[in-house]
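Hi,

Here is the structure I promised to pass on. Have a look at it first, and then read my notes below.

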Amino acid sequence: MYLTLKYGHTTIPFTSTKPQEVIVKRNIRIVTTLPNSVVRKQIGKKAFDARVEVSYNAGLADYKAGYRLVALCEKQMQPTFVSMNASLIEPIGNGMGSGRRLVIETAWRSLAYNTKRGAILWREPEKDLSTHTKDLLSPILSGKADITILNRHSLDNYPTFSKEWEVLGSKLCSDIIGVEADYYSGPRGLSLPAAYQFLLYPTVGLGQVQPDLHDSIFCPLLNCVQLGMKIQGVNIKFEYPTSQRDAEENDIQTIQKRMRVMRLLYESMTSHKQHLEM
């Protein structure tokens with residue numbers, strides 16, 4: 001059974017057994033990139049399987065809460081996620097950054113043509129924020145902020161090795177951006193003008209070459225700040241999924257990935273900021 005939603009010229013089918021029970025929040029889109037073959041090579045099998053499971057549950061929770069999820073999903077992974085009631089988009093070309101921009105642009109277009117003020121929440125696939133989305137996006141929908149960042153109340157439920165990385169990562173990003181927030185938490189609430197700046201990356205910044213990987217959701221924040229957009233941290237009682245924590249604990253591939261990402265972000269953000277200040 002299908003629930004078909006129309007947004008301007010876009011028609012998106014969502015599978016549902018009881019579509020009449022879903023109240024759609026038309027001015028909000030949630031976007032993410034689902035676990036793929038690249039991620040599978042970067043972390044252990046147990047950690048990957050746990051991420052797939054929590055990603056599915058998080059997407060289904062979004063649907064039940066009335067939020068439309070736009071998700072990047074490889075063709076071979078679609079049978080796993082098809083019953084999640086999301087709009088699944090196949091990647092065009094390669095690259096983490098281009099995939100993130102594709103789902104953000106899809107959400108941006110569906111909102112820009114159909115609402116005076118909308119909001120987009122980018123989140124990592126494994127983070128279920130269905131009960132916190134309203135709190136994260138309210139400052140944007142009310143016009144009080146252009147970007148919201150999830151400020152975690154605690155890191156107690158994170159893998160032991162991750163805790164110091166999370167604190168250090170957010171501290172480095174806060175120093176570079178000039179606005180203190182828990183940037184390493186992952187999710188970003190975006191107004192439509194802010195989301196548009198994410199779509200311009202990495203062509204903005206006087207043409208410097210960037211990795212266009214994890215930096216694709218960090219560096220555009222510098223452009224937003226330069227344009228006078230307001231970033232606001234929102235305190236949320238977020239709990240890291242226990243199954244994922246247990247799978248990642250002492251997983252050497254996950255630890256190595258954390259190290260690579262932090263170096264990449266520090267180098268790309270400092271480089272991008274220098275180019276913007278030229």
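Which element gives the largest share of the lining of the largest pocket? That would be H10, with seven residues. Keep in mind that this is a predicted model.

The pocket itself holds about 1100 Å³ of space. A total of 45 residues line this pocket, and Val39, Met96, Arg100, His214 and Lys257 are the closest to its centre. Besides H10, helix H1 (37-42) and helix H4 (96-112) also give two or more residues to the lining. Sorted by class, the pocket lining has 22 nonpolar, 11 polar and 12 charged residues.

Searching the whole structure for cavities of 30 Å³ or more turns up one, and the largest cavity has a volume of about 50 Å³. Among the residues lining that cavity are Gly169, Cys173, Tyr184 and Met269. Helix H6 (160-177) and helix H10 (252-276) each supply at least two residues of the cavity lining. No charged residues show up there: the classes are eight nonpolar and one polar.

One last thing, on the cysteines. The structure has zero disulfides.

Cheers

How values were computed
Residues are numbered from 1 along each chain as its sequence is written. This is a predicted model: local features need pLDDT of at least 70, side-chain atom pairs count only at pLDDT 80 or more; totals for chains, interfaces and linings use all residues. Side-chain values use heavy atoms; hydrogens and water are left out. A disulfide is a pair of cysteine sulfur atoms within 2.5 Å. On a 1 Å grid over the protein atoms alone, a cavity is a set of points where a 1.4 Å probe fits but cannot get out, and a pocket is an open set with protein on both sides within 12 Å along at least five of seven lines; lining residues have an atom within 4 Å of a point. Grid points are joined across faces, edges and corners, and a volume is the space filled by probe spheres set on the points. Helices (H or I, at least four residues) and strands (E, at least two) are DSSP runs, numbered from the N terminus. Ala, Val, Leu, Ile, Met, Phe, Trp, Tyr, Cys and Pro count as nonpolar, Asp, Glu, Lys and Arg as charged, and the others, Gly among them, as polar.
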